[in-house]
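Subject: Handing over the structure

Hello,

I am passing this structure on to you, along with some notes on what turned up in it. Please have a look at it first, and then read on.

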Number of protein chains: 2
Amino acid sequence: MNFEKLLRPQSVAVIGASTDSRKVGNNVLDNIIQGGFEGHIYPINPKVDKILGLKCYQSLTDIPEKVDLAVIVIKRDLVVPVLRECALGGVKAVIIITAGFGEIGEEGRKLQNDIIQIVRQNKMIMMGPNCLGLINPWHKLNASFGQGIGEPGSIGLISQSGALITAIQDMSVETRTGFSVMASLGNKASLDEVDFLRNLRYDDNTKVVAAYLEDISRGQDFMRVAERVSKTKPVVILKAGRTESGAKAASSHTGSLAGADSAYNSAFERTGVIRVESIEHLFDICTAFAYQPLPQGDRVAVVTNAGGPGIMMTDALEMAGLKMARLSDSVKEELMNYLPAAASAHNPVDVLGDAGGELYGKSMDILLESDSVDGLIVILTPQKMTDDVAIAEAIVAASKKYSKPILACFMGAKIVAEGIGLLRENKIPQYSIPERAAYAMREMVSYSNYKRRPLRVVERFAVNKIPVIKTIRSVLSKGFLEIGEIDAKAIMKAYNFNVPPGLLATNVEEAASFSAEIGFPVAMKISSPDILHKSDVGGVRIGMQNVAAVEDAFELMMMRVKRKMPHAEIRGVLLEKMILGGREVILGMKKDPQFGPVLMFGLGGIFVEVLKDVSFGLAPITSEECIKMIESTKSYKLLTGARGEKPYDILSIVENIQRMSQLVIDFPEISEIDINPLKVGYEGDGAYVVDARIVLEKEKV
Amino acid sequence: MNFEKLLRPQSVAVIGASTDSRKVGNNVLDNIIQGGFEGHIYPINPKVDKILGLKCYQSLTDIPEKVDLAVIVIKRDLVVPVLRECALGGVKAVIIITAGFGEIGEEGRKLQNDIIQIVRQNKMIMMGPNCLGLINPWHKLNASFGQGIGEPGSIGLISQSGALITAIQDMSVETRTGFSVMASLGNKASLDEVDFLRNLRYDDNTKVVAAYLEDISRGQDFMRVAERVSKTKPVVILKAGRTESGAKAASSHTGSLAGADSAYNSAFERTGVIRVESIEHLFDICTAFAYQPLPQGDRVAVVTNAGGPGIMMTDALEMAGLKMARLSDSVKEELMNYLPAAASAHNPVDVLGDAGGELYGKSMDILLESDSVDGLIVILTPQKMTDDVAIAEAIVAASKKYSKPILACFMGAKIVAEGIGLLRENKIPQYSIPERAAYAMREMVSYSNYKRRPLRVVERFAVNKIPVIKTIRSVLSKGFLEIGEIDAKAIMKAYNFNVPPGLLATNVEEAASFSAEIGFPVAMKISSPDILHKSDVGGVRIGMQNVAAVEDAFELMMMRVKRKMPHAEIRGVLLEKMILGGREVILGMKKDPQFGPVLMFGLGGIFVEVLKDVSFGLAPITSEECIKMIESTKSYKLLTGARGEKPYDILSIVENIQRMSQLVIDFPEISEIDINPLKVGYEGDGAYVVDARIVLEKEKV
């Protein structure tokens, strides 16, 4: 496998190796040597014989074997010819460190396209260009111009910023975080986050995948792969460019156009990807995932030797949505057998300032053995008699005995350095303040819940595609993109949405008989492809209660509309039964450039228009995801029977979102849908599409 | 001044000094000596002659001078007699480190009360009991059993948790944070946060006051003092026990009953106190306040040597509500004179990975000189050629030249250690990740805005107190606490709230003539102290359009109510003009045990009842604070003329809140007010109290 050659090559060529220690070409070679790489190393530079003690080759063809991995650090204009040589020489994995391609404009983009072509034609894989390189500490491979190789560990890091890798490397020396791989994606001309995700899924050294990303260019692929990976190991992503200014800065940095941030959120949510807000958060939770078992529930016990931090931890846990474990009387009694009288056997368990390793250890044992505790956080403040090392040892011992997660919060620095060192050596995640430990525990609980979720099943409804195909064809053939109410409702009907009974009357006699047929009250709307704002020309009447009223309204409407818009093509008047009562909600769909159809839900009127209280999901959507969408709006409570009202038919909203999802998946020609309002009755009464509008894609078909 | 003797004593006695190095009595004395205290030190212990090389005294009376400060570490049962000796000996400032008082139950509480009495009678000040002690690095005084004395600096820290002080001390050695004082409040039996705030206001070494608190026992005093201090120097508070579980843990720790968290928020908001969520936040922003000038606006420029962190910073600044400074063309041109072609002169300014101190320095100069930049954040990632020391030096130089705040974000650890060390030595706040720097800048901007706010002016309205006094007396004299609609409205009227015209009719003739007098439509409500739920007995009719309807309704109501509740005392029927139109809002007031009357505002109906969209403020309130209250609800937008509606009369809501505030300040007997609804007309149309209810205090009067 080519990826294996990138991650664990047996031989590496450095093309553009240099004797000048100020040059990247020297730096990379030096890093490979210093990292202790155990395979063959081939520096390539036609001008010298030896670099850093190694025999130097004129070109790839001079090397006596087929090289697994070529690292290209040669000057930009030589990259394409050198890559061709690699292809000829049968090299399958390449890292291009050299910069000056897609990121600098037209000229670079052209060269980058040449690179992509060579890579594709020769079935190679390529990381970069414009990247820092790749580090695999387990394989003693530092094929980068970063710093040291670092400690091997369980976090697989991919980053769209090379500088960030150096920073993280530097930060993680002291914390002994440990990585399974660090990959700098650069311009992502060939290998991107999706490729790495797909491959790190099978990398046994990688227990958690961490990523810094500025954009995800293959949204659909990403989701497919991320969903699979998440079921095996957590995927934690820091996606920059969240805000408008941030996105602008990102696009000027990478030249890529990222999708809407809400679409990223929906995509992450669906695929179980954990989104973090900062590098600190990224490592706080990756460390927990990498080195502790997952909790089986959300009940957390806390041991502390000081009251204040115990209160802070309690606040932090509750604010993170976790539960302080309620200790049974027997557990409390058992604790009091060991604790001094002034201590507290309530959770947080306060073992007091002079507690030693033994008391901490005993308390931890009792708590971890209890069925009502899913995870433990141990706080230590450096007090007069505090033996941080003994307490750290007790934590390490407990962690070996139990399969519940233990996080440490040793508050301090120098005085507790030895204890913290011991924790880190034994891979007990250590946090300097309660809030960060609580946050890590929260993410563990929520990922543990995600893993237990049943597989996503997208329901398919029996529908009739024919009328949809016909309508779309007919609209497009006329050169329109917008599908008005009548046709949109016909499409909805074909997908078994409830649409109020309606008929198009072309004369007053039809109006009379049709209205009697569909039943009163009746709404009347002029039907004309030329009239966009029906009300403005007197083309809308509602609440018609009988035949006579309908007849009057029909004739008046025809007269007035013709007077105001003499050249409009009038098809007739749509008569529609009015749906009385019910709560108005709005459903919508808009295509995101990366993640495809984004579905929207919100309550009608002020809730969407003024309070912007809407939620999003991605098609194809499951019923569970629809429920989550609905529940995540603030105004959701208004559907559940607040203030003594009967609850509304939430399941019918769910089904309508699912049908909308199916429609936009079946017809990628659709770029926008607006169902406004959907009138939702009480539980069991269903929901009606009162008005709808569909817009088609410009380029497609 | 006594406080001066506590903070900067010329002589210190350690009562209970011990030769046993495991004892606190030894530890404290040792700390005083090791700290380099330059005054006289008197160990007191009747059993020994010398401790730690110092002459030991039998008792206070043996000491040749009047001691400024006595630190009591003697065993608990001797504390009271020893304190009496101190009083006799003229000692005015005491720290009681010994524990076992208020925090352990009844017995301890009694002893603590004795202590309080002695302190009061002798006009002493006392810190503790059950505290860690006090450290003043500027005075070389470490009168605590904490760790080292630490570096002198500008942060004055007071903490209700002693363990936290040790932890913070330990953490701040490396960061060289620097403190002007560290005071452990312990049980706060005498000196509390209010005393320290009041005194640290005048302490020139203290540039910012930081506090960890679990409760504030003197809410009103706190506000009065905090407001004054905030106008001079920032006050930053971490208040634990925010959540229900946290408050429970806090009360079991300190035995104190904290007020509602929303009341704390209102109190902090009003007095300019900056509330933080964690120790990290506390120091992130205190460091900025202590060592950098305040920004004069919210426009931030960023210099970075890597794209990714620049994007993160942009996101973080925008999410913090700050603005990325927009650079003028001339500024950009000037930058491009120095920057390489591939660099970005847009904000964030990307000086590229190989930028040295000179390029950083030049860029900083240009940005700091620009009128469109209020503050600067400098990002550094350790790249191949990065000279962290030169860049740190450039930052230090810029910081000396300009009076705008500069924050640093050197991302890394070991490699950039020297640069970071230089920053810290020169008091440039340094943050490991962009988000924390952005957060600090945000708090600086918001405090700077607070300082520029005009002084709080609480308007007083001309009102008529007499009817209120009478009504309250009359209600209390009958043994009631609840004041029903009619009397409550009379009180409101006396305070010039708009109340719809209304009259109490006792017979059908009065009903007829009164209704004609006040005008239609009329609402009718039975008036009886015995009937709580008027609607249930047929005691409410609304929308009466003429005299005949009123007569019918009156007679029916009387008949039905008497049939259903034959023993009820019926006073008549309240006829009231109905206010049509307008938007319903709710005003309320409830007393908080610490901060007094908490005022509440929310939009009526679902907004308060279902969506819990309410805001709070404290009486006496200013009009600015009322506006802030109203604006801080999510549904506020519905008052401003959303969706083409005319805007509602927000100023009338403001005035109604102010009048309610004045009412509850004038009458502390009132414990609760509920104005529900207040009907608010369009701009200029005023607002009417449609229903109101007042509850009186149980104990008072």
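Helices (H or I, at least four residues) and strands (E, at least two) are DSSP runs, numbered from the N terminus.

Before going further, please note that this is a predicted model: local features need pLDDT of at least 70, side-chain atom pairs count only at pLDDT 80 or more, and totals for chains, interfaces and linings use all residues. Residues are numbered from 1 along each chain as its sequence is written, while chains are lettered from A and ligands numbered from 1 in the order in which they are written.

Strand β15 (residues 299-304) of chain B is mostly covered, with six of its six residues buried. Buried means that 20 or more other C-beta atoms, placed from the backbone, lie within 10 Å of the residue's own; 12 or fewer makes it exposed, and anything in between partly exposed. B:Arg299, B:Ala301 and B:Val303 point one way from the strand, and B:Val300, B:Val302 and B:Thr304 the other way.

Which strands does β15(B) pair with? Pairing requires at least two DSSP bridges between two strands.

- β16 (residues 323-324) of chain B is parallel to β15(B), with two bridges; B:Val300 stands opposite B:Met324.
- β18 (residues 375-380) of chain B runs parallel to β15(B) and is joined to it by four bridges; B:Ala301 has B:Leu376 as its bridge partner.
- β17 (residues 349-350) of chain B also runs parallel to β15(B), joined by two bridges; B:Thr304 is partnered by B:Asp350.

**Helix α7**

The 14 residues of helix α7 (residues 219-232) of chain B should span 20 Å at 1.5 Å a residue, and the end C-alpha atoms are 20 Å apart, so the two agree. The expected span is 1.5 Å times one less than the number of residues. Among the buried residues of α7(B) are B:Phe222, B:Met223 and B:Val229.

**The two chains**

Chain B can be laid on chain A by a turn of 180° and a shift of 0.0 Å along the axis, with an RMSD of 0.1 Å. In chain B, the C-alpha nearest the axis belongs to B:Lys634, 5.3 Å from it.

Best wishes

Key
Least-squares fit on C-alpha atoms with pLDDT ≥ 70 in both.
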